[in-house]
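I opened this notebook to keep track of what I looked up, beginning with the chain as a whole and ending with its aromatic rings.

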Amino acid sequence: MPTYLSSAEAAAALGVSRQTLYAYVSRGLLSAQPDGTARESRYLEEEVTRLATQRTRGRKPKEVAKATLNWGLPVLESAITLIEDGRLYYRGRDAVALAQSESVEDLAALLWNAEVRQAFGPGEVAAHPAYAGLLKHFAGRRAEESLLPLFTVASDDAATAQWQTSPERTAEGSGALMRLLAACLLGTRPSAAPIHEQCAKAWKLDAHGAALVRMALVLCADHELNASSFTARCVASTGTSLRASVIAGLAALTGGKHGGTTARVEALLDEIGEHDVAPGLQRRLARGDDLPGFGHHLYPDGDVRANALLAEVLPHHPAWGDIIAATRGLIGQHPSVDFALVALRRHLQLPVGAAFGLFALGRGMGWIAQALEQRASGELIRPRAAYTGPRPIPLTAGLAK
């Protein structure tokens, strides 16, 4: 079971004042959990120890690299997304508020600094001729398996190549990438209809279901330098097309520690069921398994994206609320967006794998935004490695024989 420290104990371990401790929480460096019996928060000892270690490492390159790449200090400047004080903002606007009414197309234009009419005009988008045949091959497959190969074949580089210097052409090409990504998820031809309406039509949803899909896509649009977005930026920095960045982002998202977490949440819910859930959760923990879909370093008081989606879903499924409450009692963690997407998928009775698909389709907007921003900087992302292997053998040692 995890060990927690009081505010006084955590501040003492870090050698800082309580005010500084609270600042660490607001910056996402620590997670604060309600005590349950007292008014003050408690802190996971493992996180406090890790932060204390990072603060005492000094400026040795190897130690700085470790601290920076593992939920550490910011490494790139960006004007796209801010996560602060447990809130999520897109270009300074609250993401949860935007999710109440913003369309995918409007939000994409905001993230890309483009005009909606330029990015999502009435013209049809053509997929590669091989796309139709590949659709048959992947029919019935989960999005985790089909989305990457389908999008790779359906799209091309020319529309968003580095040499497309016209903002209008780049915006048009970016919109086409989103429409192709939607078609690949849904197994349809590319369409000029609003993307959430395409989803509703393919999945036979009513107006309320369509609105929930739209909300999920907006909430998944971007999340700062997560693994897939950082990958997209690295690829963009080499001078590739925006399409290449989306492909790279998709590849990174499939991992079980990123978007692939949704598949692990599906397995968790299948295992636990909907009755007497606490013992099942305890058994998982006792045998060393984790509870995927719970906890996020940047949201100590709960993932705001998950909260917004679950507010729409949980009233219809009290058993999932029991799982959330039991998990909260056992490990003190709130549900993440991964859990919420799976709950939404099951609530709307979408195909298995659609939770990952919604994540990927929404995040496509962010990958393009991150790639555009990196392209504009003109910088190549090329960090140095802290070498830990054997030292080279001096050349003279070999010649002495």
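**Burial and overall form**

I began with burial in this predicted model, and found that buried residues make up 49% of the 401 residues in the protein chain. I then looked up the secondary structure, which consists of 21 helices and six strands.

For the overall dimensions, I noted that the C-alpha atoms fill a box of roughly 75 × 60 × 45 Å along the principal axes. A compact globule of 401 residues would have a radius of gyration near 21 Å, and the protein chain, at 23 Å, agrees with this.

Next I turned to contacts between residues at least 6 apart in sequence, and saw that 71% of them join residues at least 24 apart.

**Surface and charge**

I recorded an accessible surface of about 19300 Å² for the protein chain, with 54% of that belonging to carbon and sulfur atoms. The chain carries 41 positive and 40 negative charges, and their mean positions are 7 Å apart.

**Aromatic pairs**

How many aromatic pairs does the structure hold? I found two. Trp112 and Phe120 form a stacked pair, with 5.8 Å centre to centre and 20° between the planes. Trp112 is buried at a relative accessible area of 7%, and Phe120 is buried at 11%.

Phe294 and Phe339 form a tilted pair, with 5.1 Å centre to centre and 55° between the planes. Because Phe294 lies in the loop between α16 (277-286) and α17 (304-313) while Phe339 lies in helix α19 (residues 337-347), this pair ties together parts that are 45 residues apart in sequence. I also noted that both Phe294 and Phe339 are buried.

How values were computed: Residues are numbered from 1 along each chain as its sequence is written. This is a predicted model: local features need pLDDT of at least 70, side-chain atom pairs count only at pLDDT 80 or more; totals for chains, interfaces and linings use all residues. Side-chain values use heavy atoms; hydrogens and water are left out. Helices (H or I, at least four residues) and strands (E, at least two) are DSSP runs, numbered from the N terminus. The radius of gyration is taken over C-alpha atoms; the globule rule is 2.2 Å times the number of residues to the power 0.38. Buried means under 20% relative accessible area, exposed over 50%, partly exposed in between (1.4 Å probe, protein chains only). Contact means heavy atoms within 4.5 Å. Accessible areas come from the Shrake-Rupley method with a 1.4 Å probe; for residues, only the protein chains shown count as cover. Lys and Arg count as positive and Asp and Glu as negative; His and the chain ends are not counted. The place of a charge is taken as NZ of Lys, CZ of Arg, CG of Asp or CD of Glu. Rings of Phe, Tyr and Trp (its six-membered ring) pair if their centres lie within 6.5 Å; planes under 30 degrees apart count as stacked, over 60 as edge-to-face and the rest as tilted.
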